[in-house]
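Take a look at the structure first, then read on.

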Amino acid sequence: MSTISLAAGSSHPFVHRLREVAANTPAAYWRTGGLWQGVRSPAATTAVLYLPTVAGSFVSAAGAATLGYQDWGQLAFGAGLFSWLAMESVLLHRLLTGAETPVALRPTLGIQLAPAPVGAMADLSVGSGAPDLLVHALIGYGLLQVLVLVRLSSWITKAGAVPGLWAFSFGATAIATAPVRLVAHGDAGALAVLAPALFVAANGLVLGLAIMTAAFLAQGRMFAAPAAASQLRT
């Protein structure tokens, strides 16, 4: 693809991918460098920390692969994968040994679902797209997260319907899409059985979130400060 064609059509999907990759990398690592300096409350250690390097690197991997740079995408995939593994232990330590997560912050646990299935999507993008052990393992870990989050659903939603529940959408759509892509590449095993149910569940979740958001907008509640906002000041 020529530079002229990239400049000529800003609406081209390749251009959007290129912008994602170019914008994510400096922002992600600048932010991460700030976090490494410490001086933070343990209560601020939430799944949001996945966003700069883990989500950013996986998205960059898929973007680079879309542009035809598989090798660069593989480097970004490695950055995301090992950032996730390192951060996962920190977050689980906080959840297992720290104070109970405030009600207003509990919807951020939806982000906990995202790294494994989004990583699976990135792996499919930078690799051959065929079923393999790694992509199956990533989806399997994502399914474990789904089961744990379902177990915690009443605890997570104690504050009721809030816009923060959109945190579940990224991981939910990824864990539905990855099996569909694998089935399209000939995977006829367990994921072929699970794919329809995951697809329906993810679409149902996103539809429910869209209806919730429309109701908030109609009622003027979309940008209202949460009642439990004081809990965020830790």
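How do the residues of the lining of the largest cavity divide into nonpolar, polar and charged? They divide into five nonpolar, five polar and one charged. Here Ala, Val, Leu, Ile, Met, Phe, Trp, Tyr, Cys and Pro count as nonpolar, Asp, Glu, Lys and Arg as charged, and the others, Gly among them, as polar.

This is a predicted model, where local features need pLDDT of at least 70, side-chain atom pairs count only at pLDDT 80 or more, and totals for chains, interfaces and linings use all residues. Residues are numbered from 1 along each chain as its sequence is written, and side-chain values use heavy atoms, with hydrogens and water left out.

**Cavities**
- The structure has two cavities of 30 Å³ or more (a cavity is a set of points on a 1 Å grid over the protein atoms alone where a 1.4 Å probe fits but cannot get out; lining residues have an atom within 4 Å of a point).
- The largest cavity holds about 90 Å³ of space (the volume filled by probe spheres set on the points, which are joined across faces, edges and corners).
- Its lining includes Thr45, Arg94 and Gln112.
- The second largest cavity holds about 60 Å³, and its lining is ten nonpolar residues, with no polar and no charged.
- Tyr50, Phe58 and Phe170 are among the residues that line the second largest cavity.

**Second largest pocket**
- About 360 Å³ of space lies in this pocket (an open set with protein on both sides within 12 Å along at least five of seven lines).
- Its lining has 16 residues, with Leu113, Leu149, Val150, Phe168 and Leu205 nearest the centre.
- The lining divides into 14 nonpolar, two polar and no charged residues.
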